[in-house]
Amino acid sequence: MSFTENVAAGSHGTPAGTFRHWLVLIVATLLTWQLGESRGGGLLTAIILGIAMIKGAVIAFDFMALRHAPLLWRCLLGGWLVLVCSLIGLAYWKGITP
């Protein structure tokens, strides 16, 4: 079975599952917004970046159906998410150290 046949076979999941993922993304967005409004240090920033990385993974692997994609694509996208969040964290850390 090719990748396109697998996607056509319903690998995107059920409407109820999609709704659950959407709801989790909405709650995570509201949570990061609320955390961002509070005064916090590096740990809070790390938590917000972690939540953002999880949101990116949910979008990529579930909404974009990469969960069933070839391993290379999953590794590339997962690595990209880790790289971007790490660079943002590094930039933040370098900006707060004297």
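**Entry 1: the salt bridge**

I began with Arg67, which forms a salt bridge with Asp62, the closest N and O atoms being 2.9 Å apart. The term stands for a side-chain nitrogen of Lys or Arg within 4 Å of a carboxyl oxygen of Asp or Glu. Side chains of opposite charge can pair when their charged atoms come close. I looked for others, but the structure holds one salt bridge.

I note here that this is a predicted model, in which local features need pLDDT of at least 70 and side-chain atom pairs count only at pLDDT 80 or more, while totals for chains, interfaces and linings use all residues. Residues are numbered from 1 along each chain as its sequence is written, and side-chain values use heavy atoms, with hydrogens and water left out.

Are the two partners buried or exposed? I use buried for under 20% relative accessible area, exposed for over 50%, and partly exposed for in between (1.4 Å probe, protein chains only). Arg67 has a relative accessible area of 44%, so I list Arg67 as partly exposed. Asp62 is at 17%, so Asp62 counts as buried.

Asp62 sits in helix H3. I then listed its contacts (heavy atoms within 4.5 Å). Leaving out residues up to four places away in sequence, Asp62 touches His21, Ala57 and Arg67.

**Entry 2: the fold**

I counted four helices and zero strands in the protein chain. Helices (H or I, at least four residues) and strands (E, at least two) are DSSP runs, numbered from the N terminus. Along the sequence the pattern reads α-α-α-α.

The chain has 98 residues, of which 21% count as buried. Its accessible surface comes to about 7,100 Å², and 74% of that belongs to carbon and sulfur atoms. I took the areas from the Shrake-Rupley method with a 1.4 Å probe; for residues, only the protein chains shown count as cover. Among contacts with a separation of 6 or more, 61% join residues 24 or more positions apart.

**Entry 3: helix H4**

I checked the length of H4, residues 71–96. The expected span is 1.5 Å times one less than the number of residues.

Which residues of H4 are buried? They are Leu77, Leu81 and Cys85. The buried residues of H4 pack against helix H3 (42–63).

**Entry 4: the core**

I looked up the largest nonpolar core, and found five residues: Ala60, Phe61, Leu66, Ala69 and Leu77. Such a core is a set of buried Ala, Val, Leu, Ile, Met, Phe, Trp, Tyr and Cys residues joined through side-chain atoms within 4.5 Å. Beyond its neighbours within four places in sequence, Ala60 is in contact with Ala65, Leu66 and Leu77.

I found a nonpolar surface patch made of Phe19, Trp22, Leu23, Ile26, Val27, Leu30, Trp33, Ile59, Phe63 and Met64. Together they have about 990 Å² of accessible area. Patch residues have over 30% relative accessible area and no salt bridge; like charges are joined within 9 Å, nonpolar side chains (Val, Leu, Ile, Met, Phe, Trp, Tyr) within 5 Å.

Which helix gives the most to the patch? H2 does, with seven residues. H2 (15–37) and H3 each supply at least two.

I compared two H2 residues. Leu30 lies in H2 and is partly exposed at 49% relative accessibility. Thr32 is also in H2, but is buried at 15%. Apart from neighbours within four places in sequence, Thr32 contacts Ile48, Ile51 and Lys55.
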